[in-house]
Amino acid sequence: MAITKYKVIKKNLEAVINYAMNGEKTENGILISAINCLPEKAYSQMILTKKAFHKEDGRLGYHIIQSFNGNKVSLEKCNKIGIELAEALWGDKYQVIVCTHTNKDNVHNHIVLNSVSFIDRSKYHNSNVEIALLRETNDDICRKYGLSVIETKKATKEQDIARSRIKNYNRNEGKMELIKTDIDEAIKVAKKYQEFITILCYNGYYIKRIGNGMSISSPYYNRNIRLARAFGEDYTFDNIKSRIYRNGAYKMHETNENEKIYKIRIYDGIKINQEKLKTSSFYRLYVHYLYLLRKLPPKIHYEERTKEYYKELDKFHKTNDEIKMIASFDLHSLDDAQKLKTHFLEKVAPLKNEREKLWREFNKTTNENQKNIIKDKIATITDDINKINKEIQTCKRITDDSEKGEIEDNLTKKRVNENQAKNEKELTKNKDKHRIR
């Protein structure tokens with residue numbers, strides 16, 4: 001089980017951070033983790049955030065202590081649970097450090113949270129609802145890792161009070177209704193799950209999936225919101241996905257019995273880089289100001305596309321690949337294309353063998369870190385295999401084309417034209433030499 005204590009830091013934030021990061025208590029710094037800052041520069045970066053937004057006074061931060069039974073939880077698991085708690089509650093907007101101490105019989109985490117958000121300069125307040133959410137999230141993560149939670153009468157009563165506070169807040173808070181409305185609208189409009197994510201991103205949301213649960217950060221709050229807990233079981237990952245695909249039929253309408261017209265969403269205006277949005281705090285701040293300046297969300301319009309359009313587009317891309325291959329590898333005949341195909345097949349075979357060996361090694365290994373390393377290697381090799389397979393398919397289309405004679409003629413014409421150009425070039429050179437003499 002995990003017990004949490006909550007303290008407000010009103011002065012000397014540096015002293016609290018130094019105590020939490022004490023090397024003698026954290027295996028010489030091995031058990032120190034940081035979110036949205038560097039561990040060795042945590043204090044200076046937190047102060048820099050405060051200075052940037054002119055919020056250096058008042059509450060400086062929060063100190064959360066998360067204690068476990070040392071006989072049930074390893075040091076690594078303790079640190080991992082602390083990071084997961086911090087990520088779930090504050091990971092998108094605040095700078096946090098998680099330090100696991102080993103100096104007592106019970107392993108415990110010291111979590112230090114900066115009071116000012118580096119994204120939107122909002123200040124975190126430990127209201128009754130926030131404290132209730134901390135305890136509820138902590139219990140959920142403990143259950144996920146197979147740890148027990150306190151079941152005494154007093155604890156049960158406190159849990160009931162916390163849940164009722166959360167429910168009342170979710171039901172009565174106007175901003176929560178806005179979030180729910182935005183999500184429902186995105187579900188109605190989206191044709192597939194990835195489009196649902198994109199729509200929410202354009203509206204200033206960021207979605208994070210945790211198993212079948214989903215957590216969302218919004219423009220309205222300084223913390224993440226767990227959708228199923230806030231709005232019910234209709235908002236789990238599986239149920240949201242099924243609602244999207246159940247509603248997706250409206251995206252098409254039949255013009256006649258055989259033809260279907262598809263509507264696609266077109267965004268006009270600034271496009272958001274989703275990878276940067278996940279990894280760069282400065283880019284998230286940039287996007288935030290785009291919303292403030294009303295440059296986002298972008299305007300949307302719809303365009304119709306037929307089934308034949310996608311067929312022709314696919315045909316164009318395949319033909320383009322074939323032309324590129326003929327030019328890049330200087331193919332003069334179908335035999336050249338066949339030899340190139342054989343070359344690619346010989347090239348891909350050892351990669352497939354290596355991947356099979358890595359999968360066998362992966363299945364035998366019990367060490368999680370080693371498994372992750374092997375998985376990364378497998379992913380890299382798979383990318384290489386897919387690239388070569390694409391080339392093989394292009395060769396196959398050239399050699400298996402029903403109009404082989406026409407392709408052969410085109411290759412012959414290409415060779416004749418090249419020879420003619422070469423002869424004309426040599427003839428011009430000889431004439432120039434004759435004139436000089």
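A contact here means heavy atoms within 4.5 Å. The model is a predicted one, in which local features need pLDDT of at least 70 and side-chain atom pairs count only at pLDDT 80 or more, while totals for chains, interfaces and linings use all residues. Residues are numbered from 1 along each chain as its sequence is written, and side-chain values use heavy atoms, with hydrogens and water left out.

**A loop with two faces**

Thr26 sits in the loop between helix H1 (13-20) and strand S2 (32-35). Helices (H or I, at least four residues) and strands (E, at least two) are DSSP runs, numbered from the N terminus. Thr26 counts as buried because its relative accessibility is 0%. For such labels, buried means under 20% relative accessible area, exposed over 50%, and partly exposed in between (1.4 Å probe, protein chains only). Asn28 belongs to the loop between H1 and S2, but Asn28 is exposed, with a relative accessible area of 74%. Asn28 also has a positive phi of about 60 degrees, although it is not a glycine.

**The chain as a whole**

Stepping back, you can find 15 helices and 11 strands in the chain. Of its 437 residues, 39% count as buried. Among contacts between residues at least 6 apart in sequence, 71% join residues at least 24 apart. The chain exposes about 26400 Å², and carbon and sulfur atoms supply 50% of that area. Accessible areas come from the Shrake-Rupley method with a 1.4 Å probe; for residues, only the protein chains shown count as cover.

**Salt bridges**

A salt bridge is a side-chain nitrogen of Lys or Arg within 4 Å of a carboxyl oxygen of Asp or Glu. By this rule the count comes to five. Among them are these:

| Side chains | Distance, N to O |
|---|---|
| Glu84 and Lys144 | 2.7 Å |
| Arg243 and Asp184 | 3.2 Å |
| Asp314 and Lys318 | 3.2 Å |

Glu84 and Lys144 meet in a salt bridge. Glu84 lies in helix H3 (residues 75-90) and Lys144 in helix H4 (residues 128-144), so this pair ties together parts that are 60 residues apart in sequence. Glu84 is buried, with a relative accessible area of 18%.

Next come the side chains of Arg243 and Asp184, joined by a salt bridge. This pair links distant parts of the chain, with Arg243 in helix H9 (residues 237-247) and Asp184 in helix H6 (residues 174-189), 59 residues apart. Both Arg243 and Asp184 are buried.

Asp314 and Lys318 are four residues apart in helix H12, so about one helical turn separates them. Asp314 counts as partly exposed at 39% relative accessibility, and Lys318 counts as partly exposed at 34%.

**Around helix H12**

Helix H12 (residues 307-328) also holds Tyr310. Tyr310 is partly exposed, with a relative accessible area of 37%. Together with Tyr309, Leu313 and Phe316, Tyr310 forms a nonpolar patch on the surface, with about 380 Å² of accessible area in total. Patches are made of residues with over 30% relative accessible area and no salt bridge: like charges are joined within 9 Å, and nonpolar side chains (Val, Leu, Ile, Met, Phe, Trp, Tyr) within 5 Å.

In the loop between H12 and helix H13 (334-364) you will find Asp330. Asp330 has a positive phi of about 55 degrees although it is not a glycine, and Asp330 is partly exposed, with a relative accessible area of 39%.

Strands of a sheet pair through backbone hydrogen bonds, either parallel or antiparallel. Here, three strands form an open sheet in the order S6-S7-S8, with antiparallel pairing. Strand S6 (206-210) and S8 are the edge strands, each pairing on one side only. Two strands pair if DSSP finds at least two bridges between them; two bridges join strand S7 (residues 213-217) to S8.

Ile225 lies in strand S8 (residues 225-226), and Ile216 stands opposite Ile225. With 2% relative accessibility, Ile225 counts as buried. Leaving aside residues up to four places away in sequence, Ile225 touches Met176, Ile179, Met214, Ser215, Ile216, Ser218 and Ala230. Ile225 and Met176 are 49 residues apart along the chain, and their C-alpha atoms are separated by 9.4 Å.
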